[in-house]
Amino acid sequence: MKKKYLNEAFLLLMAVPILLWSLLPIYHIFLFSISSKDSAFSGALWPDLPTLRNFSYIWKQQHFYLYHFWVQIWNSLWIAVAVGALTLAVASCAAFAISRLKVRGGRTVMNLALFTYFIPAAFLAIPMYKAMGNYGLLNNRWSLVLAMVTLASPYAIWVLKQASDKLPWELDEAARIDGATPLQLFRLVYLPLMTPSMVAIGTYALLLAWNEYLYGYLLLSHERTITLAVALGHFTAADDSPWELLMATGLVYALPPAAIYYAFRRYMVSGLTSGAVKS
Amino acid sequence: MSAIALPQTSPLPPAQRRMTSWQVWGLILIAPYVLVFLAFVLYPVGYGLWLARHPESYVKLFNDPIFFRTVVNTIFFILVAVNLKFLLALWLSGFFTHERVWIRWVSVLFLLPWAVPSIPTIFSIRFMFNPEWGVINSVIFRLTGLDGPNWLNDPHIGLSLAMVTHIWKSLPFWTLILISGRLAIPKEQYEAASVDGATVWQKFKYVTWPSIRTLYLSSTILSMIFTLGDFNSVYLLTGGGPADLTHVLATLGIRYIRLDQVDMAMATIVCALPFVLPLVYFMMKSLSKSDTER
Amino acid sequence: MASVSFSDVKKSFGATPVLHGISLDILDGEFMVLVGPSGCGKSTLLRMLAGLEEISAGNIAIDTRVVNDVESKDRDIAMVFQSYALYPHMTVGENMGFSLRLRNDAKDLIAQRVAQTAKILNLGPYLERYPRELSGGQRQRVAMGRAIVRDPKVFLFDEPLSNLDAKLRVAMRAEIKALHQRLKTTTVYVTHDQVEAMTMADRIAVMNEGRIEQLGEPLELYDRPANLFVAQFIGSPAMNVFDGIFRGGAVEALGTRWPSNAKAAEGQKVKYGVRPEHLGISAQGAITAEVVVVEPMGAETELVVKVADASLVVTAHGRSNAKPGDAIKLAPDAASVHLFDAASGLRL
């Protein structure tokens, strides 16, 4: 009996550093967001006078770096949703073609996609930047959308293909005998059965785009076209920037992913680990 | 009783390889991704390699002391950060497989660093370590009366903190992967080991490790590839400084772009390929093996 | 309702031939069973009829129209799969009406047809349920309902009862047979279970290794098997078969003489076949056997006996007093004995 309590105590003891480690930087963002400028730079662990004034500055765009806050957060949102939707469309069509229609060359395309997935995105960024320049898409929201779709699709196709392979083959045969055309099979049988995986992938692509910094930094430059992530990066250009405003904006920026993660946590965990590295 | 005389039709030649509507639709549906691939992978890569064709860029690159330093940093980063991270992930995955309600909540919070975007969080870490007003040095001062070090201005500490940042961000994901690997082990194996009198360590050695060993190794390789591409951890924390001493291959390219030396940037990437490609090859092989095994 | 005709149909997977020229005519309204061991090609033949496999050579015709190049959906057939293949995300009613919905039929027409079919199969109360909420037998009925709603020319069944437990199988057999008598649609039914074949078929095609061994009515196959394979495949418990030599009007085998009305050439090596129920136990019997196992089945008794070093099965009506170790005498019914050529296996 005593061993059981010792066990529990040990587990609880382990949880404390885990939580501290995970939450400290996030708490620190929160800390700065509700601090005034002086209190933030005093290195306190909790502000003397917690304030929401920073958020008011953000809302009213009352600072040099925040002049275009609303446009920029709109850009982030627009691009993230576009990437999510487009990735879903491209990936579900490709996964269906490879997995159910057994299209000729499907294996090759899958391998090429995987290859793209494994190449670190940071190395693809500069060639992408030059290519987008040649396409005349620089400083156009679509360049970031298309770049992110390119980065998110391979993993999306892989996960969808894995999930699709688990569907019994007889379903397609029964549908064919029932009279289904390829499109009807796709729309009425395949897509409804793939919904859980598609939610996971859509969320994955959306978050990937929302969280992206490097590609946004390279591909977009004008104040009114950049995403919020890139705008946050601009804050560090000067030494006397209002760091508490940066952290407050950062908190706003971090809320949607945190909320989506929390809402979909079960979907994402199962959807992502099912397509994960297999043993 | 038996056969009925039906009109005899002469046997046709074996069905020609016609394009059924199913095959046509297969091609139509895979076309969007193929177009994306051609326009945004094949062309940029090809163009990039073409930009990196001048041997002089490589000569300049190898003569730049920053490059050598960067390569050393990168190797160190990958070997130390990834392995440390996976040992932690292995240990934590064991923690999180205990079935308690409160542990489930801890895991939700534990995954937060992975879920939230890099910019605010890495800046937050950066500010925590600010030598004048960061919380770390404030706490040190309050406890000991001494001034804490200028963390990010020391290249070794700076690089180490970048590794810590990287681990902070990516540990939750890999822990999740190893948790799913552990959950795939049937409970009966542990129960049988208990009955046989195994200790906790023996259970790990004889039940857990053999089952997740392959997952652990392939995840480590994959993580090395991702870590090679981790731009944010270094760039947002130290910016590559001080004096370009904490650059890794992922951030060095950007440095050259900012100096308007596109050919050098591309040459850097080409030089990173010998690190990347063998790892990628290994990953593709192990993935296609597991695919055909099904 | 239609006839089905296979003309010299061949199938190869790559370089491996699987069907070696099958010719078979199925009559309009007939219940034809394709039966045989695993790998004999029966499922492949069925799937070629369904349009799910390509034909390597030969022709398949439905209602005298060659359908080699016709897509499944245009062949006017319906198929019931071994694993039911119900759409998990649709209700029972939606599953059954799916084919009509694909044709863009009017909603009330679909509802009417589904209701009609549900009535025949007693599925009325389940129309709003999902497949995962149903038992195996119910799912099987939904699969059949889906086929019936289409009112096709031919029903195809691919081992539909294999996933059901024994008792359910017996019940479903009767249901399928009753359904056929009611709807009178041409049916092609594939199974590996010869009991299903015997009880349900109008005619049976016994297949083995890509060929039809014999085609005929069930009792014809039972009473006059064309070769050794059919003789041992049809009938449960299986026919007793052992080697012998035909001499002087009877067969010398297992150290004694066995009677036979069937004749062979003098001195010919034969295989002697006699069904368990035709091995009578009688005090006047000429053949001595030692009882090994007694299996009382209630209405009958199965005895495993030994003659020389061969194990034979004897089925006796009613109860038996025999005990393991007893010596009994066998009197085979000479008129019901089958002789096969030892080399070719063909009936003599």
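1. Let's start with a working rule: two residues are in contact if their C-beta atoms, placed from the backbone, lie within 7 Å. Keep in mind too that you are looking at a predicted model. With that rule in hand, go to A:Met148, which touches A:Val83, A:Leu208, A:Ala209, A:Glu212 and A:Tyr215 once residues up to four places away in sequence are left out.

2. The largest nonpolar core has 264 residues. A:Met148 is listed with A:Val83, A:Ala94 and C:Leu156 as the residues that have the most contacts inside this core. As background, nonpolar side chains tend to be buried together in soluble globular proteins.

3. Next, see how chain A meets chain B. Here 75 residues of chain A are in contact with 74 residues of chain B. Which helix gives the most to the side of chain A that touches chain B? That is helix α1 of chain A, residues 2–33, with eleven residues. By type, the residues on this side of chain A divide into 57 nonpolar, 15 polar and three charged.

4. Turn to chain B itself.

5. Along the principal axes, the C-alpha atoms of chain B fill a box of roughly 110 × 65 × 30 Å. Buried residues make up 40% of the 294 residues in this chain. Of the contacts in chain B between residues at least 6 apart in sequence, 68% join residues at least 24 apart.

6. For strands, move to chain C. Five of them form an open sheet in the order β13-β12-β11-β14-β20, with antiparallel pairing. Why is one side of β13 and of β20 in chain C left without a neighbour in the sheet? Both stand at the edges, β13 at 256–259 and β20 at 338–341, and each has a single partner strand, so one side of each stays without a neighbour there. On average, neighbouring strands of this sheet are turned by 45 degrees against each other, direction ignored.

7. Strand β12 of chain C, residues 250–253, pairs with β13(C) in the antiparallel sense over four bridges. Within these strands, C:Ala253 stands opposite C:Thr256 in β13(C). In general, strands of a sheet pair through backbone hydrogen bonds, either parallel or antiparallel.

Notes. Residues numbered from 1 in each chain as written. Chains lettered and ligands numbered in written order. Predicted model: local features only at pLDDT ≥ 70, side-chain atom pairs only at ≥ 80, totals over all residues. Pairing = 2+ DSSP bridges. Helix = DSSP H or I, 4+ residues; strand = E, 2+ residues; numbered from the N terminus. Axes fitted to C-alpha atoms, helices over the stretch in contact; angles between N-to-C directions. Nonpolar A, V, L, I, M, F, W, Y, C, P; charged D, E, K, R; others polar. Buried ≥ 20, exposed ≤ 12 C-beta atoms within 10 Å, placed from the backbone. Core = buried A, V, L, I, M, F, W, Y, C linked by C-beta atoms within 7 Å.
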